[in-house]
Amino acid sequence: MNRDRSFKLLLTGFLILSSGPFLLPLNAADAKRPNVIFIFTDDHAAHAMSCYGSKINQTPNLDRIAREGMRFQNCFCTNSICGPSRAVILTGKHSHLNGYKTNEGGESFNGAQQTFPKLLQTAGYQTAMIGKWHLGNNPTGFDYSDILVGQGPYYNPPMIANGQRVQRTGYTTEILTDLALDWLEKGRDKDKPFMLMWQHKAPHREWQPGPKYFDLYKDVTIPEPDTLFDDYSGRGTAAHKQDMTIEKTMTRFDLKFDPPKNLNPEQLAAWHKAYDDENAAFEKAKLTGKELVRWKYQRYIKDYLRCVAAVDDGVGRVLKHLDDAGLAQNTIVIYSSDQGFYLGDHGWFDKRFMYEPSLRMPLVARWPGVIKPGSLNTDLVQNLDFAETFLDLAGAEIPQDMQGRSIVPLLKGQTPSDWRKSIYYHYYEFFSDRGASHAVRRHYGVRTDRYKLIHFYNEDEWELFDLQKDPNEMRSIYADPANTEVVKELKAEVARLQKLYQVPDDRGKLKASEL
Ligand code: CA
């Protein structure tokens, strides 16, 4: 007998014994278990949220979650790439154990394994997955699913609704918001608590804005990051040999000289109206050098932020619905994104590296009556902790083989004294014999509140950063004799974490012939 059912039986007994004034609806037991809405985006860096101090945009609706709840300053991913981050969240296990280490390595996510949605179902929760799934197969563990096919386009997405392919017309971010609202209003079983995973494609490459957002930021200049013209001195081979610069890697498609291929005539006309004049002026100007990079940065960051704005507006609509429907009080709302992203930081776009802009995930949570409004948490948390947290919120048991830890005590403002003091990271998507997008070398590392040690193990190059003195990670101090002791301690910590997390002995090392 599961916990939910036994609770109901107890309550029924109580109702039989009690008289009129104490009569409760039969589903009162469920009503006490909170609903959870997990809002998840793709590639939304924390430094593009105003509650994280963004210098480049405002996100009033995401900020509302933080203002009425808690903001986590130090949430980090275990492997900074789309599919693998999702797999970690579903399983509560590092990539080497859940089996999904790369997007492009030919692996597919094993949906037969233990995941938190299945465990929530067993605990009596209704589970729904709307939007970007991106694990190469159909979701398991959901009562309802309506997912994008693969990455999904920004416009007119084909989708798979409970296994049936459907074609939808419009701007994907808005479609996914409408689907989430529809399910909340009409789709769900109102007698059961729910877990809704509402997952956007936005603001993933190629950052295509919706028609409503073309004019946003039109006549403003977005501030540039301090490190836009980084020359990578002070760091090793990997930073020099990546392929993710705004200067060299961005395509005409990224930069909106070529429109998306799947627009209808009306959408295409709006697209041309939005970009053609600026494109013509650009062609005429024949920019070179830094001025060219600056122009590309403005084009890129405005489109990225326009995609974020559509997400933020959708979040506002859903928060309003929770208010209007009387659901706000008993529904925990959590917002995060699968990893961070380079917003011109180090001259880059994309993610993958263990450096701060792509390691950090945004994480804000609202839980009325439990989280103190406007609170800030600085403990080291990871996407590895999400599955455990969701189970804990539902009052379900957390399996021993999950590797993270519930952050529910942190939400309550009660960080356990033995909370982790370091996090482990491991990126795998580099195969020199088969190529790999953006050419970021494999690496693992450890981060504490102050230091970060990274090992690019196929090249056997190490980097050490003092995040207090060098928050932009511009100069590795690994070779400085003054840091011998720190290096020794951090290497011991990496070894401890690799043992704790059961990282295979080869550590993901490529064969000599593959290098
Ligand atoms: Ca991503």
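Which residues lie nearest the centre of the second largest pocket? In this predicted model, where local features need pLDDT of at least 70, side-chain atom pairs count only at pLDDT 80 or more, and totals for chains, interfaces and linings use all residues, they are Asp230, Tyr232, Thr245, Glu247 and Lys248, out of 16 lining residues. Residues are numbered from 1 along each chain as its sequence is written, and side-chain values use heavy atoms, with hydrogens and water left out.

A pocket here is an open set of points on a 1 Å grid over the protein atoms alone, where a 1.4 Å probe fits, with protein on both sides within 12 Å along at least five of seven lines; lining residues have an atom within 4 Å of a point.

The largest pocket reaches a volume of about 660 Å³. Of its 23 lining residues, His47, Lys55, Asp345, Pro357 and Asn472 are the closest to its centre.

Helix H10 (residues 289-324) also packs with helix H9 (residues 265-285), at an angle of about 170° and with axes, lines fitted to C-alpha atoms over the stretch in contact, 12 Å apart. H9 is therefore roughly antiparallel to H10 (angles over 145 degrees). In the contact (heavy atoms within 4.5 Å), Tyr275, Glu278, Asn279 and Phe282 of H9 meet Leu292, Trp295, Arg299, Asp303 and Arg306 of H10.

Methods
Axes are lines fitted to C-alpha atoms, for helices over the stretch in contact, and angles run from 0 to 180 degrees between N-to-C directions. Helices (H or I, at least four residues) and strands (E, at least two) are DSSP runs, numbered from the N terminus. Angles under 35 degrees count as roughly parallel, over 145 as roughly antiparallel, 65 to 115 as roughly perpendicular and the rest as oblique. Grid points are joined across faces, edges and corners, and a volume is the space filled by probe spheres set on the points.
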